[in-house]
Protein chains: 2
Amino acid sequence: MTSTTRHCYDYPHPAVTTDVITFRVRADQLQVLLVRRANPPFQGRWALPGGFLDIDEDLEQCARRELAEETGIRVTHIEQLHTFGRPDRDPRERVISVAYLATVRQDDPAQPVAASDAAAVRWFPLDELPGLAFDHGQIIDKARQRLRDKLEYTSLVFQLTAETFTLGELQRLYEAIHGSPLDKRNFRKRMLGLGQIEETGHTRRNGKHRPAREYRIRHPQRVEYF
Amino acid sequence: MTSTTRHCYDYPHPAVTTDVITFRVRADQLQVLLVRRANPPFQGRWALPGGFLDIDEDLEQCARRELAEETGIRVTHIEQLHTFGRPDRDPRERVISVAYLATVRQDDPAQPVAASDAAAVRWFPLDELPGLAFDHGQIIDKARQRLRDKLEYTSLVFQLTAETFTLGELQRLYEAIHGSPLDKRNFRKRMLGLGQIEETGHTRRNGKHRPAREYRIRHPQRVEYF
DNA sequence: CCAAAAGTGTTCACCGTACACCCATGA
DNA sequence: TCATGGGTGTACGGTGAACACTTTTGG
């Protein structure tokens, strides 16, 4: 458990980890993926999936790898969120965590599978979070805020939708993320006006109601600024 | 130069540094503070001020400290920008750099003084940057983009102005940052309409022209979203 | 025919933009 | 009196917000 390491630079080296906040929307709820820690510290607590950076590994690759190892989940989109480094955030030694925000499509059938350091994996609705290990509560707060902000000025939503979707689904997705209801007519007018989506030509029948037109993203496009 | 270090976690530890992109506006130019490296690697090259994280030090504090040690500069505002960690970004060993974006007031009289690892310190206009060490060119690009973006939706500008300023000065500052000229009447209407600034009651005489009204920030306020 | 979601337009307030002239000062 | 930056208002177009009824389907 204790090791010695050679360094070129004559400074003590902190540990570096990545943690991943993975969002999806299911049942009109915004959810995050958490793992139950199999090992100390915080053994048995829920936490963000993540782990130590390999010495020749890119940061983003580390985030993807740790997520895959602990949960089996592969994400649609991933981006760096913020780096958390309070000296006391890990009780054992100094740990710097580079946090990533990731998304999974609404219709992704993949079931998370606990493995590696994870004793269990589960999607949690954001308003029913358990007590979390480390500073992971704060990290999730920051990620949620970022997600909400980016809804307004990027096309990040389309990383959370299914490949095709109805306007009703899209609206419920927006509403799930920033919590308040939207006006249907205004919402549709805006979405169609932005020219980001187009009809597939099909309709989707939803139970016993009027079938809805199906849409897709027009050009596979940037998630960043329009 | 080579050391051994004990770690609790059984993983090789990369080095962690902070680098600071410090902006100011002077002579209607947006400028960044650079240091000439006194030591290898990249000895003699210009680089961002920054250095290794002390083991019990907060990340932001490290950024401030390294900046002060190498240049003597104290900033008005500092915020985390992004973490850069390409495996090959430092030729000697793996180094993760947490970059910070900082600002200095336009009228700050402090002169930078080279010390510690810096052989020299200088403010460079952004369009006359020298060749830079490491990936510092990319880091500056990202910082510049962030600064430009935040001009639009935060009150970050007021971390770059003097304590008091005229509307002409403020407009030239905006123009220096995003590079294009603005309409005077529209600029003034917007600035006054936002209610973020107020007259001090004084006027400023500027050479042989009509004196300009002097303004200050109304409530010392958030730099983040309005 | 009933329940439930899909679909549809207009009005208004506000905001960003384009645009040109007079004012106060020092030399 | 002239050169220079300071200071001012109006008209137009686009966008976000409020707001209610008809259509289509399955049961």
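**Exercise 1. Find which residues come nearest to DNA strand C, and which element gives the most to the surface there.**

Step 1. Of the 19 residues around DNA strand C, the nearest are K184(A), R185(A), R213(A), N186(B) and K208(B). A residue is near a strand if one of its heavy atoms lies within 4 Å of it.

The model is predicted: local features need pLDDT of at least 70, side-chain atom pairs count only at pLDDT 80 or more, and totals for chains, interfaces and linings use all residues. Residues are numbered from 1 along each chain as its sequence is written, chains are lettered from A and ligands numbered from 1 in the order in which they are written, and side-chain values use heavy atoms, with hydrogens and water left out.

Step 2. Turn to the elements. α4(A) gives the most to the surface near DNA strand C, with five residues. Helices (H or I, at least four residues) and strands (E, at least two) are DSSP runs, numbered from the N terminus.

**Exercise 2. Find the side chains whose N or O atoms approach base atoms of DNA strand C.**

Step 1. Take the base nitrogens. R210(A) has a side-chain N or O atom 3.5 Å from one. For D183(B), the distance to a base nitrogen is 3.3 Å.

Step 2. Take a base oxygen. The side chain of K189(B) places an N or O atom 3.0 Å from one.

**Exercise 3. Do the element count for DNA strand D.**

Solution. α4(B) gives the most to the surface near DNA strand D: four residues.

Definitions and conventions
Polar contact = N/O pair within 3.5 Å; in protein donor to acceptor, adjacent residues only side chain to side chain.
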